[in-house]
Amino acid sequence: MTSDTPARRRARVFSRRRGTPSRARRRLGAAVRMIAALALAGGVYTAFAPGAFAEPNVQLSAVAQEGKALYDTSCITCHGRDGQGVEGRGPSLIGVGSASVEFQVGTGRMPMTRQEAQAEEKPRQFDDAQTEQLAQYVQELGGGPELPEGPLVEDIKSNPDALARGGELFRVNCTSCHGFGGGGGALSSGKFAPALHDPTAEEIYAAMLSGPQNMPVFGDNQLTPDQKKQIITYIQLQLQQEKDPGGLFNLGRYGPSTEGMAIFLVGITLLVFTSLWIAGKS
């Protein structure tokens with residue numbers, strides 16, 4: 001029987017070590033496999049995911065062709081050929097839809113005169129027909145949200161609860177930026193939420209769909225079309241027509257707190273002077 005000498009034991013240990021990969025080699029192999037798996041997943045996603053690019057050789061309608069002519073003379077400098085955008089000048093218009101054009105161009109915010117923190121409303125450069133042509137071109141170019149057909153304001157005679165529901169939705173979703181009275185408010189980085197005294201139903205609906213500036217997008221998953229119409233109903237009937245609900249004076253239209261504070265300060269001042277006058281007479 002062969003004895004198990006120390007030399008033979010060392011030889012067996014060394015042979016097992018040579019046959020087993022080192023810890024560094026195992027880690028390197030795991031890293032290589034992970035990178036290969038990530039590259040494979042990225043390749044599959046790139047191959048099958050829809051890209052945000054304009055479709056080549058798209059057949060435009062007659063209205064969209066008119067819009068393309070306007071785009072090529074007024075918008076291409078900032079937004080680039082086929083709406084792909086120009087870095088440092090203007091974003092891509094692929095996927096923004098006709099609703100964004102209805103809001104930005106229809107309110108005169110676009111085209112911008114210069115780069116600022118926020119595009120402000122100004123006199124329009126395009127009339128209704130031209131705005132519709134530009135909107136149709138952008139819609140056919142890359143798709144996106146569109147304004148629905150039909151009226152955008154609820155008939156409170158047939159739906160009397162629309163005004164109350166619209167007010168509740170407005171207070172939950174809109175007052176943090178636009179104020180309880182729709183007077184607007186300041187935001188960060190020089191931006192602001194505009195007042196809601198004058199916008200039309202189409203402008204408000206388009207803003208909710210497109211989310212201009214710092215405004216969030218209220219898609220149909222966040223607010224249904226009926227809920228958007230209820231909010232518009234509340235804005236137009238309560239804030240635009242009633243002017244100052246809940247108060248007698250226009251003190252910023254931030255709600256009853258400003259009027260209550262003003263009445264308190266004026267009342268206290270009158271009481272102090274009245275007390276001094278009475279004390280002086282006595």
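**Labels and the values behind them**

Analyst: Happy to. R114 and E116 form a salt bridge, with 3.0 Å between the closest N and O atoms. Keep in mind that this is a predicted model.

User: What makes R114 and E116 a salt bridge?

Analyst: The cut-off is a Lys or Arg side-chain nitrogen within 4 Å of an Asp or Glu carboxyl oxygen. The closest N and O atoms of R114 and E116 are 3.0 Å apart, so the pair meets that cut-off.

User: Why is R114 called exposed, and what is E116 called?

Analyst: Exposed means over 50% relative accessible area. R114 has 55% relative accessibility, so it counts as exposed. E116 has 35%, which makes it partly exposed.

User: How many salt bridges are there in the whole structure?

Analyst: Five. One of them joins K68 and D72, with the closest N and O atoms 2.9 Å apart.

User: How far apart are K68 and D72 along their helix?

Analyst: They sit four residues apart in helix α3 (residues 62–74), so about one helical turn separates them. K68 is partly exposed at 29% relative accessibility, and D72 is partly exposed at 33%.

User: What about K228: buried or exposed?

Analyst: Buried. Its relative accessible area is 0%, and the label needs a value under 20%. K228 still has a partner: it forms a salt bridge with D220, at 3.0 Å between the closest N and O atoms. D220 is partly exposed, with a relative accessible area of 45%.

User: How do you know that K229 has no salt bridge?

Analyst: K229 is buried too, but the nearest side chain of opposite charge, D226, is 4.7 Å away. A salt bridge has to be within 4 Å, so D226 doesn't qualify as a partner for K229.

User: Which residues does K229 contact, beyond its neighbours in sequence?

Analyst: Leaving aside neighbours within four places in sequence, K229 is in contact with P151, L152, E154 and Y205. K229 itself is in helix α10 (residues 225–241).

User: Which residues touch the most other members of the largest nonpolar core?

Analyst: That core has 21 residues, and the ones touching the most other members are F170, M208, L223, I231, I232 and I235. Helices α5 (97–104), α7 (162–173), α9 (201–210) and α10 each supply at least two of its residues. The most come from α9, which gives seven.

User: What does I231 touch?

Analyst: Setting aside neighbours within four places in sequence, I231 is in contact with G166, L169, F170, C174, M208 and L223. Apart from this core lies another one, of 15 residues, including C75, I94, V105 and L134.

User: What makes α5 mostly covered?

Analyst: Seven of the eight residues of α5 are buried. They are G97, S98, A99, S100, V101, F103 and Q104. The cover over these buried residues includes α6 (128–142) and α9.

User: Where is confidence lowest, and where is it highest?

Analyst: The chain averages a pLDDT of 84, and 82% of the residues score at least 70. Confidence is lowest in helix α1 (residues 6–19), with a mean of 60, and highest in α9, at 96.

Technical notes
Residues are numbered from 1 along each chain as its sequence is written. This is a predicted model: local features need pLDDT of at least 70, side-chain atom pairs count only at pLDDT 80 or more; totals for chains, interfaces and linings use all residues. Side-chain values use heavy atoms; hydrogens and water are left out. Buried means under 20% relative accessible area, exposed over 50%, partly exposed in between (1.4 Å probe, protein chains only). Lys and Arg count as positive and Asp and Glu as negative; His and the chain ends are not counted. Contact means heavy atoms within 4.5 Å. A nonpolar core is a set of buried Ala, Val, Leu, Ile, Met, Phe, Trp, Tyr and Cys residues joined through side-chain atoms within 4.5 Å. pLDDT is the predictor's confidence in each residue, from 0 to 100.
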